[in-house]
Amino acid sequence: MVLWSGVSHTLNDNSLPTPWAVWQSFVTELQSGELFYHLGATLLRVLAAFTVAMVIGSAIGIWLGMSEKADRIVDPWIILLLNIPALVIIVLSYIWFGLNEAAAIGAVALNKIPNVTVTLREGARSLSPEFSEMAAVYRFGLLKRLLHVILPQLQPFFAAATRSGVALIWKIVLIVELLGRSNGVGFQIHLYFQLFDVATILAYTLAFVVVMLVVEYAILQPLDRHSNRWRGARV
Amino acid sequence: MSDIADSQLPETVLDIQVAGRSFDLAGGGALHAVGKLAFSLTARSFTCIVGPSGCGKTTTLRMILGLDTGFEGTIRQPDSSSVAAVFQEPRLLPWRTVEQNVRLVLPKNQRDQSLDALFDVLELDEVRHFYPSQLSLGLARRAALARAFVLEPQLLILDEPFVSLDDVTAHRLRQLLLSLWHRQPTTALMVTHNIREATLLADRILVFGKRPTCVLGELVIDTSREQRDDAFVEHVVGQVSDIGKLNNPLR
């Protein structure tokens, strides 16, 4: 903070505003209601794209991890999707499906799905055959097997996909908003870029980073602790 | 007349008529693990299978449990919902407590039944809310026994359930197994490489030979378990070894 103030005061330039200027922009945006509106729009998109990507990605990943044959057929497509630049998917999605919300969220989810798939595929490959046999002998039904035997074994892989997922998704959501939406943090940053208002750009960025920190410490970490409670100290 | 005679015959719970089981090896060729096996178990009997290690005892149990289906022949068993197994490793779900692990195998409508009596016999009451990683191997094996007995199975399969325990703990667990079995008689089939253990627990011992395994002979023990002292155990161990030697003259 001190370094930031020092450098910006010495430069005395629009490209690096002082912390105080950023704070003032933040307060202005907050009071006008703009901040909450655009932050909310972005958060909803992150949430929707994340949910779609996790559900579809983990379903495909678990399937591929359990069936070698399916993996041989689908694997080239996963590699292809992993390597298509996010920007190409977004632009094509807007061209093919129109400048609408579904195209935006679908494009973000499609960027994330192959990552989730690859992570969960590794998880499904490492499922313990011993527990599967136990479940078979004791006649566990599909739901019981999923809830008590399979998903707990995949928990670390879900946690890894979530962590990397949230970070990647919110960055891509901003690009999607910049290219084809009329609200959201990405749209605002684009707007203030044209006005060369760096203070407001920084205000939006910092506000979103704070939100993501809250998500990490108030949601993800407590969830992690809950699902790892059994790994406690040995007696 | 024949009806009456039939009803006096002991009920058969498991009937095994297996012609053989081979495994294809990765480098080509086949491993002939199990030869011809024919035996059956009567209700509420306690049978132990003994034999050299790697002879196919575990494969036999896996065929009975339906985990291995690549064999030739037939295995007839009771209504499949009443089979329980205790594996070599406890195989408790590490993310569920002892009590949750036991309750989980019960059908939904029995999930809330009281486990106090069962945990009392097995002395698990103090650790019922512990996770498996917090248990010693002996305690984890007791929890695995509780999980098997809570189902009140018609057929109980045990695969070396007391292996790699110290003598005192193994002895204690055998006592607990017997008291559970007396309280809740069921048909038990147990694999062990420990002939002494088999002698103390079983009322019938099946001696398996080397791979491809088959039943070399059997020994019925009708002495009551309380009277099986050291001398008696030595005597049975001798008899079992003789069955093994007789059929394997080179050993």
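The following legends describe close-up views of a predicted model.

**View 1. Crossing of helices α3 and α4 in chain A.** The axes of α3(A) (residues 34-66) and α4(A) (residues 68-83) come within 7 Å and cross at roughly 130°. The two helices are therefore oblique to each other, since angles over 145 degrees would be needed to count as roughly antiparallel and 65 to 115 as roughly perpendicular. On the α3(A) side the contact involves W63(A), L64(A) and M66(A), which meet E68(A), A70(A), D71(A), V74(A) and I78(A) of α4(A). By class, this contact comprises six nonpolar, no polar and two charged residues.

**View 2. Helix α6 of chain B and its surroundings.** Helix α6(B) covers residues 167-183, and the 24 Å between its end C-alpha atoms agrees with the 24 Å that 17 residues should span at 1.5 Å a residue. Its buried residues are A170(B), L173(B), R174(B), L176(B), L177(B), L178(B), L180(B) and W181(B). These buried residues pack against the helices α4, α5 and α7 (195-201) of chain B, and also against β4, β7 (155-159) and β8 (187-191) of chain B.

**View 3. R44 in a loop of chain B.** R44(B) lies in the loop that links β3 (37-42) and β4 (46-50) of chain B. Although R44(B) is not a glycine, its phi is positive, at about 60°.

How values were computed:
Residues numbered from 1 in each chain as written. Chains lettered and ligands numbered in written order. Predicted model: local features only at pLDDT ≥ 70, side-chain atom pairs only at ≥ 80, totals over all residues. Heavy atoms only, no water. Helix = DSSP H or I, 4+ residues; strand = E, 2+ residues; numbered from the N terminus. Expected span 1.5 Å × (residues − 1). Buried < 20%, exposed > 50% of the residue type's maximum accessible area, 1.4 Å probe, protein only. Contact = heavy atoms within 4.5 Å. Axes fitted to C-alpha atoms, helices over the stretch in contact; angles between N-to-C directions. Parallel < 35°, antiparallel > 145°, perpendicular 65-115°, else oblique. Nonpolar A, V, L, I, M, F, W, Y, C, P; charged D, E, K, R; others polar.
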